[in-house]
Amino acid sequence: MAEWPILGMLVVTVPLTLFGIYCLKRGKDNVYSLKADLLPMLIISLFFGLGKLAPPGSIGYYWGWTAVPILAFVFLPIYLLHRRALRKMGIVNIPRGERNRKIIELQCSYNEAFNLCVSALNSVRIGARILGMDKSSGFIVAKTGLTMKSWGEVITFSIREVNDRVRIEVMSKSQIRLQLLDYGKNYENVKKIVDFLKNKTRLKIGM
């Protein structure tokens with residue numbers, strides 16, 4: 001059993017140290033990016049440290065020296081690939097709630113804007129299927145299919161008239177709430193829809 005502490009240090013501490021250096025370099029001058037990169041490392045380190053304090057033979061000892069190193073070895077590469085995908089898209093420094101949501105204002109009639117939103121779902125290549133819509137309340141909800149990046153997403157439109165414009169809020173969320181890593185798929189959905197609307201009419205992009 002004496003080898004387990006050494007093995008645990010090699011499997012967990014060394015990757016976490018390298019990961020921390022990587023995050024400090026990538027997250028420089030951006031608090032959000034730094035927090036997002038370091039959070040998994042801090043959580044794993046916490047459980048690893050608690051397991052180190054647990055008495056031998058206990059559940060805490062098992063999790064600290066066996067389960068946590070294995071989970072860290074599997075999870076960290078997956079998380080790094082997710083963060084790498086966001087960096088390639090140039091959105092790694094944008095919080096998830098902001099990058100997966102966009103508000104736009106179209107210079108057209110309400111009926112035209114509503115129909116364009118429906119057409120956007122049918123035209124862009126995201127495999128979306130409309131689940132429900134209500135023109136009177138300005139609501140559209142659709143669902144995408146399974147892809148290599150996710151188990152599917154739910155896309156919603158909130159449409160309302162504001163002065164001489166039509167304001168549309170487009171949002172994309174993973175169907176499975178526990179799926180925290182989407183490799184930028186929700187952002188891609190929103191961007192494709194906004195690009196479609198942009199090409200069809202004049203608009204003003206909000207947040």
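**Notebook: looking through a predicted model**

I began with Met-171, and, leaving out residues up to four places away in sequence, I found that Met-171 touches Asn-100, Arg-101, Val-154, Ile-155, Thr-156 and Val-190, where contact means heavy atoms within 4.5 Å. Met-171 sits in strand S5, and its C-alpha atom is 9.6 Å from that of Val-141, a residue 30 positions apart from Met-171 in sequence.

I noted what I am working with: this is a predicted model, in which local features need pLDDT of at least 70 and side-chain atom pairs count only at pLDDT 80 or more, while totals for chains, interfaces and linings use all residues. Residues are numbered from 1 along each chain as its sequence is written, and side-chain values use heavy atoms, with hydrogens and water left out.

**The whole chain**

I looked up the secondary structure next, and the chain has six helices and six strands, which are DSSP runs numbered from the N terminus (helices are H or I with at least four residues, strands are E with at least two). Along the sequence I read the pattern α-α-α-α-β-α-β-β-β-β-α-β. Of the 207 residues, 40% count as buried, a word I use for under 20% relative accessible area, with exposed for over 50% and partly exposed for in between (1.4 Å probe, protein chains only). Among the contacts with a separation of 6 or more, 59% come from residues 24 or more positions apart.

**The core**

Which residues touch the most other members of the largest nonpolar core? I found Phe-157, Ile-159 and Ile-168, in a core of 25 residues; such a core is a set of buried Ala, Val, Leu, Ile, Met, Phe, Trp, Tyr and Cys residues joined through side-chain atoms within 4.5 Å. At least two residues of this core come from each of strand S1 (101–106), helix H5 (110–123), strand S3 (139–143), strand S4 (153–162), strand S5 (165–174) and helix H6 (185–200). Helix H5 gives the most, with eight residues.

I then followed Phe-157, whose contacts, apart from neighbours within four places in sequence, include Cys-117, Leu-121, Phe-139, Ile-168 and Ile-193.

**Polar side chains**

In strand S1 I looked at Arg-101, whose side chain is joined to that of Glu-169 by a polar contact of 2.5 Å. A polar contact is a pair of N or O atoms within 3.5 Å; within protein, one must be able to donate a hydrogen and the other to accept it, and residues adjacent in sequence count only if both atoms are side-chain atoms. Glu-105 is also found in strand S1, and its side chain makes a polar contact of 2.4 Å with that of Arg-167.

Is Glu-105 buried or exposed? Glu-105 counts as buried because its relative accessible area is 12%.

Asn-186, in helix H6, is buried because its relative accessible area is 2%. Its side chain makes a polar contact of 2.8 Å with the side chain of Asp-182, and, not counting residues up to four places away in sequence, Asn-186 touches Asn-100, Glu-153, Ser-172, Lys-173 and Ser-174.

**A residue on the outside**

Last, I turned to Phe-73, which is placed in helix H3 (residues 59–89). Phe-73 counts as exposed because its relative accessibility is 59%.
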